[in-house]
Amino acid sequence: MSDITVIGTGYVGLVTGACFADLGNHVTCVDINPTVIDRLRRGEMTIYEPGLDDLVERNAHAGRLAFTSSYDEGLARADFAFVAVDTPPGTEGEADLASVRRAAESIAHSMRGPLIVVNKSTVPIGTGDLVAGIIQRTNGSVPFGVASNPEFLREGSAVNDFLHPDRIVIGASDPAVAEKVRGLYATLDCPILITDLNTAELIKYASNAFLATRISFINEIAAICAAYGVDVKTVSRGMGLDKRIGVSTLEAGLGYGGSCFPKDIQALEHMAAIQGLHPELLRAVMEINRDQRRLVVQRLRDIFGSLDGRHIAVLGLSFKPNTDDVREAPALAVIRLLQAEGARVRAYDPVAVPAAQRLVSNVEFADSAYAAAAGCDALVVATEWNEFRQLDLGRLRESLRCPVVIDGRNIYDPTDMARLGFIYRGIGRGYDPIDQALIQSTTLAAL
Ligand code: NAD
């Protein structure tokens, strides 16, 4: 069993700390935000993540998980310090490493005995060396090693992803350091890939960029589906059954969001560009993603003409289901676009309303999907929470003033929706009458 300190107690840090504690280690989570630490000490959860509250409570109660805002206290007995601080986008799209630098300096000031510093934050190539340099300059008298151990968990299934990963990547220049970090994961049943620091750092960016590329790819296919009257869901399934392709992240919709994909693709593009490369594919991925959000407004304009004064209900605010994280959420982008067209927005989300309230204004928040829909001219599904799949669609139709549904996540069946009397538009479902007219005229012209 090891003594582990986790620096940064956000989505990654809290999950990492609780899971390492659950594996039997003694863990202290450090955060510079005193409110976060106070709440966690009181047994309150600071983020919504399924299963995390039980894990935190059980391990805190067993004395294996503690919280502090003091680096001295947190590092007093540490064998490992995992850095899980934020790496937001900088002004040029690069990853802003201010929190990582500050964490490295604080670790260096407070470490007392030999320590392995492990980067879990998503950081650009070269950051492992940067952290090693900061520690060496600040406190060269205490022996230390640096490793990169990028995190691949997904919000919404983070605890399960941490404890049942597809793989673990550990980068280090010293094989002994890598072996010690590998030891922490010895009880998990998955391949462990040991690399150098730079390779581990790039594996994380390349993985996220590939997943984002799949999403933009299927969204481009969805646009072709809409033009030719084909249902993208069937196309996805037909593609995904090929084992070389697979079904995951092949769902057309409003595009990717969240605190990772948008900033990580941008940061990778920046890393390539400053080397004089031309990362055209990454640029196209980002451009397609931006266009997806505009589709909702376009679909509504096709139906209503002007949206000025229209009341629109938006279901879902978080960037994906099962999380309260609204960072870069497509729903918020859609809300702002609707407001720019003069529409009035009423929104509902099962958990993300408090987080969203800080980022959008002039939005009315409802406490159920039906309350959001009541009297509205149209309803937009922006996040595919399971509870939206199970709505009483007859009741929903009764609630709306006009039976218009723009399904930004393709959760409903177009045939069912038409049968229930909705004017329904999904993303690439082949039901757009304007596109149908276009395809007919194109086909006739070709004959
Ligand atoms: P977050 O913003 O939720 O949490 C970061 C925490 O670090 C905050 O609580 C902040 O107060 C704290 N912090 C900042 N500077 C600090 C310092 N100097 N000392 C101590 N604490 C400090 O971020 P997150 O979503 O957990 O992401 C953390 C990192 O993990 C990022 O690099 C992200 O790209 C990466 N990542 C995130 C996910 C995800 O799904 N959220 C998945 C994989 C990787």
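Two rings of Phe, Tyr or Trp count as a pair if their centres lie within 6.5 Å. In this predicted model, the count comes to 6 aromatic pairs. Ring pairs join Phe20, Phe82, Phe162 and Tyr185 into a cluster. Two arginines also sit over aromatic rings: Arg167 over Phe152, and Arg395 over Tyr370.

**Phe20 and Tyr185**

- Phe20 has a relative accessible area of 0%, so it is buried.
- Tyr185 has a relative accessible area of 2%, so it is buried too.

**Phe162 and Tyr185**

- Tyr185 also pairs with Phe162, at 6.3 Å centre to centre.
- This pair is tilted, with 45 degrees between the planes.
- Phe162 lies in helix α7 (residues 158-163) and Tyr185 in the α8-β8 loop, so the contact ties together parts 23 residues apart in sequence.
- Phe162 and Tyr185 are both buried.

**Charges over rings**

- Arg167 lies over the face of Phe152, 3.6 Å from the ring centre.
- Arg395 places its charged end over the ring of Tyr370, at 3.7 Å from the centre.

Terms used: Residues numbered from 1 in each chain as written. Predicted model: local features only at pLDDT ≥ 70, side-chain atom pairs only at ≥ 80, totals over all residues. Heavy atoms only, no water. Phe/Tyr/Trp six-rings, centres within 6.5 Å; stacked < 30°, edge-to-face > 60°. Buried < 20%, exposed > 50% of the residue type's maximum accessible area, 1.4 Å probe, protein only. Helix = DSSP H or I, 4+ residues; strand = E, 2+ residues; numbered from the N terminus. Lys NZ or Arg CZ within 6 Å of the ring centre and 35° of its normal.
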